[in-house]
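Here's a quick tour of one model, taken a piece at a time. Have the structure open as you read.

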Amino acid sequence: MSTFLYQLGRWAFRHSTRVILAWIALILVAGGAAATLGDGTRNEFTIPGSQAQEAFDSLERTFPEISGVSAYLVIVAPDGTTIHDAAARGLIEQTVARIDAVDGVREASSPFGMLEDIAISGDDSAAQVQVQLAGGYEDVTAGLKDDLLATADPLADAGYTVAFGGDAFASSGPKLSIVEVVGVVVAFTVLYWMFRSASAAVMSIGTALVGVAVALELTWIATGFLTISSTSPLLALMIGLAVGIDYALFIVSRYRELLAEGVAAEEAAARAVATAGSAVVFAGATVMIALLGLAVARIPFLTVMGVIGSLAVAVSVVVAVTLLPAALALAGERLRPADGERPPGSFSRRWVALTTRFPALSIVLIVVGLAIAAIPAKDLQLALPDNGTEPPDSAARVSYDLVEREFGPGYNGPLLVTMNIIGTTDPLGVVDALERDLSTIPGVQAIGLATPNATADTAVIQVLPETGPRDARTAELVHTIRDAAPQWEDEYGIDVAVTGYTAAGIDVSERLRSALLPFGIVVMGLSLLLLMIVFRSVLVPLKATLGFLLSTGASFGAVVAVFQWGWLGGLVHLDQPGPLISFLPILLMAVLFGLSMDYEVFLMARMKEEYGRTRDADRAIVDGFVGSSRVVTAAAVIMLAVFAAFVPDGDANIRPIAFALAVGVFADAFLVRMFFAPAVMKFAGHRAWSMPGFLARRLPHVDAEGEALYERIALESWPPGHTGDALTAAGLTLQTSEGLVYNDVAASLPRGDWLIVHGPDGSGKTALLLTLAGRMAFTAGRLRVAGHLLPHESGAVRKAAALGEIRGVNDLDDNLTVDQHIAERLSIRTFGLWVSRAKVAPVRHRLNLALEAAHTEAGIPFAEIEGTRLVSSLSRLERTCLGVVLALVSDPELLVLDDADRLRSPADLALLWATLRHLLAGGSTALVASVKSPETAPPPGPHIHLVEINTRRTLDELML
């Protein structure tokens, strides 16, 4: 990883203009696509598989008159009058007629009809006009709303208080405001304090804004194809801006450190991207894993929210490792610190000394303190947002408050009880009977509409609870009705279900609550695995997860205490305390887990880097902390600024999320990572960096700390004068629990030359060949193949080195024809796409030409190999040469062939060497082959090198 990022950073630095223009072009193209393809966000909170959703979907088919989007008009008579006054009645009836005439309205119900008992308040001071619209949410345009509002003007002019509410007038979702700019201003201030450079600060924020812009454009394009809630873009903005600035901060900080050490600008940029950039990539990966883990809840809008958030993070990572080094190139020497500018780190050194002096005490203080802060979380209540959470001066909130004041809180959250009455002979009687049963259930204030549909196969009863839609007692009422459904089904022979927006919100909350545990298991399990791969440690990931749980608990406790209990509500401009938005817990866990892993990766990566250099666990803690704590502190302050900016005057639904994230970041960065983590590492000592052997062997090595990079830099000129060789080895040794496989192998192979390894069976020559091809590890020595150092760059070596037929590793299939084998090998280069005969024939022709030339030189007749021949019918020589030709399809820099002398006759062996000479003639592909004896090696020549390997002799010497 670090080597790849090193090369990427260097390339971006060298081609800075090209990279910057590419990002500008992407912004322009994506912006144009967003303007033409985007269809806008839609707040449709569907929950497939829930009772409320299934019943609502059924109503759309059987009872469309009441299943669409609805609205209502609340009318309050002036003081001293009532709704039943003649003047009032006339004005209201005229208003109902005007509403009925609005294009897009299916029906408007007069409060003086059959629903008068519930449409007019008990003191006759207020009335409701129910309005059913003809289309869905996408049909509720601003023009339709204006037309509806205009119908109530005569009532307002006559002194009546009027307000429209309902689904049609619900908020379109959170919107940006100038307040969010405060977070950017604070970020700039922190960056300037950190770097003492306006250029570095502007560069970090500018690249982060580019990432956010691209992510939002891609999100807007997706609205033309997916249903995306209005919260998703704002979440993408909040997360993308925070991580984008932080990622730039880490890379620029490392870049300036390298400049201060005297490293050239281009090399400093490449190393910064390789080291800090590796941490950025893995930190971004943990955030993305956490956000994509939201799919565990099986709620579409939440899954989309996670995908959009992870998209913003992914774009931020790509910007950090490509656009940022290009911007560093434009800045040039302006970012080089002045003499004496580097901070001494004395405070960080004193702090880590304090936290690690008594590690057990530090651990106990943090665990107990954060556990106490988490106590309010036990009272966590969840609900979907409704018009009661809108700003007090909004039309939706005004109508909501009027309904609650004049009719009762339950009128804002009616329940719909649906019945499948197709199997009953007395549909009206069944509806009346169920209406009576429902009215006797505790918690029911009144029964509204109760009627079958036109075809008498479905009926709906509107139940008005005594409590509001976000009240826990309303959820209890829903469960009471659902629990009674089996009894009604037995008694009346009908299927009963509860639906409506309130019931759907309750189902969403319960689905999300039940998804928290599996979500935590999946996300933390994957991230634990990722951290084990990164740090080659078991304790570090476990410590990171425990720290996350502590900071998350404190975050939950704080948000419940402030937004649910109302503590210090004035500081966050809380209008009224109440339940938290349903997806806050799982979203908070996802985002906070990702961000906490950011700090973990950045802090621990520096400690691991120091430990890898010194093997001194205590010194690694101090030096790693001093080297990263200042940067982590600045990153946390920026995160706090970005999140906190959304709290005072942000959207009511985003505000508690931003507050919880701000508290979580504070607890995680300043208490867990800066206090708890060093204490745990001190307590564990060397054990912190250990891993059981069975795990170490099975987990891939990704080199996030840049070990391969430092080795590459140290060996940049090794071997002297032979940097262009195909292969260079020195002291190459493979030791296993059963003894040495090969020992102290040294070789140097120029491009195009042949290296012949000879030794008896069991001498380890096959293992050596697999090592040279990047397929097997070694325990000591140095090895460079095709310019790549092993083992860290084994992936690149595997691409550059191809295997001929090696027994047990790369056998040919006897049941395939020659052409089928060639087509199969060619398909690998085309990612499995169809390969035409026209491409197969030249490869076979190359094989036949080389074999024919070799036979002609030896004076032996030659018979052309047909493409239809089965591999099982080929001679040993033909089969071996076919394996070589298949390997050469990929134009390798190194060709590896084992046991070349297993051919049965010396004549065939001579033909093999001659055929290989013709196949490799004129190219730069080097050959590494093994034989049992030097007598079976090819004739000596200036470009043929012999290496003897005999582990048995070496083992005997060791035993002496």
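## A helix over the sheet

Keep in mind that this is a predicted model. A handy place to start is helix α16, residues 395-406, which lies across β1, β3 and β4. Its direction makes an angle of about 60° with β1.

Helix α5 (residues 86-100) also sits on these strands: it lies across β1, β2, β3 (126-133) and β4. Against β2, α5 runs at about 165°.

## The sheet itself

So what order do the strands take? Reading across, you get β2-β3-β1-β4, an open sheet of four strands with antiparallel pairing. The edges belong to β2 (105-109) and β4 (161-165), each of which pairs on one side only. Going from one strand to the next, the twist averages 15°.

Zoom in on β1, residues 70-76, and you'll find five bridges joining it to β4, with the two strands running antiparallel. Across that pairing, Leu73 stands opposite Phe164 in β4.

## A pair of helices

Now for α11 and α12. In general, a packed pair of helices is described by the distance between the axes and the angle between them. Here α11 covers residues 231-260 and α12 covers residues 265-292; their axes come within 8 Å and cross at roughly 155°. Angles over 145 degrees count as roughly antiparallel, so that is how α11 and α12 are arranged relative to each other.

The crossing of α11 and α12 is right-handed. What sort of residues make the contact between α11 and α12? By class, there are 17 nonpolar, three polar and two charged residues.

Technical notes. Residues numbered from 1 in each chain as written. Predicted model: local features only at pLDDT ≥ 70, side-chain atom pairs only at ≥ 80, totals over all residues. Heavy atoms only, no water. Pairing = 2+ DSSP bridges. Axes fitted to C-alpha atoms, helices over the stretch in contact; angles between N-to-C directions. Contact = heavy atoms within 4.5 Å. Parallel < 35°, antiparallel > 145°, perpendicular 65-115°, else oblique. Left-handed = near helix turned anticlockwise from the far one by under 90°. Nonpolar A, V, L, I, M, F, W, Y, C, P; charged D, E, K, R; others polar.
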